[in-house]
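I opened the notebook to record what I looked up, one item at a time.

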Amino acid sequence: MRIAVCIKQVPDTEARLRVSADGKWIDEEDLPFVINESDEYALEEALQIAEKTDGEVVVFGLGPERTREALRKGLALGAAKAVHLEDEAFEGGDAVATGRALAAAIGRESFDLVMTGSQSDDIGWGATGSIIAGLLGWPHAWLVMGVELEEGGSSAKVTREMESGMNEIFRLSLPAVLEVQAGINHPRYASLKGIMQAKKKEIAKLSCSDLGLEASQVGAAGSGVQILSVAFPETGEGAQIIEGDAESAAKALVEKLKTEARVL
Amino acid sequence: MGKKIWAVAQQRAGELNRMSWEAIVAAQKLARLLDGEVEVVVLGEGDPVKSVTSDLARASVQCVRTADHPALASYTPGAYVGLFRSAIEKALPGLIILPHTYQSIDFMARLAQESGFALVPEVTEAGLEDGRLALRRPIMGGKLSAKVAIKDGSSAILSVQSGAFAAADLEEGDGAPSEALEFDAAAVSPDREILGVEEVGGEQVDLSQASVIVAVGRGVGGADKMAPVEELAQALGAEIGASRPVIDNGWLPRDRQIGSSGQTVAPKLYIALGISGAIQHLVGMKGSQVVVAVNKDPGAPIFGVARYGVVADLHEVVPALTQAIREAKA
């Protein structure tokens, strides 16, 4: 089974964030970037399926130069090949514009499955995989918590998470796009051997014109939505911050819970 | 922007998802701003969809439009996208507003792309700016929010975040008429064969009744670091809960999860340890009476909903807190 996995590089969720000078995004200088969490789970699921079916995984990433680090990590984890969509025209795209570029890149090759994370930890559209599916004309599922191949790979039993602690199980014909939820598996760590091998693997580069797309179809120009500004949310009154070292803060807090909030 | 606004209600087996009312409230608000008219749209088959239609009629809207089709008995994105795409071509709504549920997210992106609509998921605020629709939505896991605009003239599909528009603000009327939604029946083609529904590991622990909860987040760092937290919970007589990353990492079982994909709680005291406060977590615990947050990051959104905050490493604060509580109770 040949599987395409889309991975996105996002700011580390633990990082301290600042709003950029133009107020329209976050300041990316000195920001640590990592592979988006649910994408790591998607990659692990794809690698496991590829191993069982004697197939291979190709990782796709759209973004600036730094995206190569994420793709290199994907190769170290076991992907056979990486494709880097890099072009100034791709910048500032919403999910529809980004999905259009990724679908065009994936459509250049033959795949049985496309896997993505369910949502990015930065802008969080939760939509790119569904849009790729629409453009490829394949069925899709979002928030996938289980995949079981059937009948020599022409269909799969898929489990999707629903609200209130329920899962739904259904059969999906392949090829399909699966948008994987974090927690579906236990992502592996890269081995030293994997890291060494990754250095020899190919990272193909594709520009907007390589994909046969116009600059007006991708990036900010191809998006129906534009970001006007970003801000830290107004938090209303917010918390009363209790200062001091651990011991004095703990004592002060317990006192307040007892006498002010009266919940102890 | 067209004047017709659709608010999509969601039902399952005749039970209306309560977030449907919030989508209707958002649509009523936008209709006032844009001088538009609201129609409620609900999909399903037979009695279930009929019963929710009469319930929805109390909203002050132009009409409640029902799509009743055998292939809509169970949700599938293929049937929903096909139906909506053909209905949009006939009725030309300018704005479609859905509740931000897992089901909406599953199909709305594909519908937006296939219908040429702009897509804005997880809206928390809506207004006009320079005559254009401006919408706020969380980014960076809720640490920040972005204000986004729909490009000129484009129709758009929005989903509204749970709790962002209060169902209590619903404008009621004297019974909205019920109408059929026009669509091409041939376009309704399910793309999944539904096999069944299962409960995830069964809910052995019911956190909804707990009066005190100590909840841990990613900041706890590992299953081996839980002992001091357990001692704190014991001193307080509290149940232990967690945010999603803790569960995904296997540090606690899934029945301890609080948030949109876990349990909804409303204790009188909620102590959040190393929880940043992603919106998915906040929706599960915002009914708590008093929230205490301990987090290293002073910018963590959890401090926005907390009454008391301590900006520090939880591993230093927790043992001190256990001690202080034991002394206070002694």
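The entries below go from one chain to the contacts between chains.

Entry 1. I noted before anything else that this is a predicted model.

Entry 2. I looked up the make-up of chain A and found six helices and 13 strands. I then took the extent of its C-alpha trace, which spans about 65 × 45 × 40 Å along the principal axes of chain A.

Entry 3. I checked how much of chain A is buried. Of its 264 residues, 51% are buried. I also looked at contacts in chain A between residues at least 6 apart in sequence, and 69% of them join residues at least 24 apart.

Entry 4. I turned to chain B and asked how many of its residues are in contact with chain A. The count is 70 residues of chain B, against 66 residues of chain A. On the side of chain B that touches chain A, helix 4 (residues 102-115) of chain B gives the most, with eight residues. I sorted the residues on that side of chain B by kind and got 39 nonpolar, 14 polar and 17 charged.

Entry 5. I looked for strands that pair across the two chains. Strand 12 of chain A (residues 225-231) pairs with strand 10 of chain B (residues 144-150) in the antiparallel sense, over six bridges. I wrote down one position there: A:V230 is opposite B:A146, which is in strand 10 of chain B.

Methods. Residues are numbered from 1 along each chain as its sequence is written. Chains are lettered from A and ligands numbered from 1 in the order in which they are written. This is a predicted model: local features need pLDDT of at least 70, side-chain atom pairs count only at pLDDT 80 or more; totals for chains, interfaces and linings use all residues. Two residues are in contact if their C-beta atoms, placed from the backbone, lie within 7 Å. Helices (H or I, at least four residues) and strands (E, at least two) are DSSP runs, numbered from the N terminus. Ala, Val, Leu, Ile, Met, Phe, Trp, Tyr, Cys and Pro count as nonpolar, Asp, Glu, Lys and Arg as charged, and the others, Gly among them, as polar. Two strands pair if DSSP finds at least two bridges between them. A residue is buried if 20 or more other C-beta atoms lie within 10 Å of its own, exposed if 12 or fewer, and partly exposed in between; C-beta atoms are placed from the backbone.
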